[in-house]
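Visitor: I would like to learn how to read the features of a model like this one. Please take them one at a time.

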Amino acid sequence: MAQLSTKIKLYAAANGVASVDFSSDVMLQDDSDGKGAYIKEWNLDIAEPTDTQLASYDTAATTTEANNVVISTRKTAYGSWEKQLEEIYDDGIDSWKTRIAKVKTDNPKN
């Protein structure tokens with residue numbers, strides 16, 4: 001199950017809000033009672049979503065979170081852009097392209 005914050009970001013984006021600041025726009029709280037996180041305070045200029053509306057974003061949020069893990073893994077495998085430029089200079093662009101293609105194949109996005 002996807003995190004509440006990811007579902008809120010998707011809901012906001014679908015309603016014309018480009019970014020959500022979880023320290024001022026939307027405050028979440030988890031009372032450690034087994035019920036999970038909930039919206040404590042809503043300060044966006046769009047309507048606060050219902051539980052049903054948020055639930056409708058679960059699949060997309062799960063995909064987003066999985067892809068974010070893949071992106072992070074790829075960034076680590078790619079190395080810094082400085083290291084990549086050095087690799088291109090030392091080994092040639094074709095060698096670099098082959099390595100990058102393998103990283104993408106080994107770490108596919110959904």
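Guide: Start with Y78, which counts as buried because its relative accessibility is 18%; buried means under 20% relative accessible area, exposed over 50%, and partly exposed in between, with a 1.4 Å probe and protein chains only. This is a predicted model, in which local features need pLDDT of at least 70 and side-chain atom pairs count only at pLDDT 80 or more, while totals for chains, interfaces and linings use all residues. Residues are numbered from 1 along each chain as its sequence is written, and side-chain values use heavy atoms, leaving out hydrogens and water.

Visitor: Where is the place of Y78, and which residues does Y78 touch, not counting those up to four places away in sequence?

Guide: Y78 lies in helix α3; helices (H or I, at least four residues) and strands (E, at least two) are DSSP runs, numbered from the N terminus. With contact taken as heavy atoms within 4.5 Å, Y78 touches Q84, R99, I100, V103 and K104, residues up to four places away in sequence being left out. The C-alpha atoms of Y78 and K102 are separated by 10 Å, and the two residues are 24 apart along the chain.

Visitor: How are two packed helices described?

Guide: Two packed helices are described by the angle and the distance between their axes. Here the axes of α1 and α3 (residues 58–78) come within 9 Å and cross at roughly 110°. Axes are lines fitted to C-alpha atoms, for helices over the stretch in contact, with angles from 0 to 180 degrees between N-to-C directions. That makes α1 roughly perpendicular to α3, a class that covers 65 to 115 degrees. T6, K7 and L10 of α1 meet D58, A60, A61, T64 and E65 of α3.

Visitor: Which residues make up the largest nonpolar core?

Guide: A nonpolar core is a set of buried Ala, Val, Leu, Ile, Met, Phe, Trp, Tyr and Cys residues joined through side-chain atoms within 4.5 Å. The largest has 12 residues in all: L4, I8, Y11, A12, V17, V20, V26, I39, W42, L44, I46 and L54. Beyond its neighbours within four places in sequence, L54 contacts L4, K7, I8, Y11, I39 and P49.

Visitor: How many bridges join β1 to β2?

Guide: Strands pair if DSSP finds at least two bridges between them. Strand β1 (residues 26–30) and strand β2 (residues 37–42) run antiparallel and are joined by 5 bridges. M27 has E41 as its bridge partner in β2, and D30 stands opposite A37. The hairpin has 6 residues between the strands, and S32 takes a positive phi near 55° there.

Note on methods
Parallel < 35°, antiparallel > 145°, perpendicular 65-115°, else oblique.
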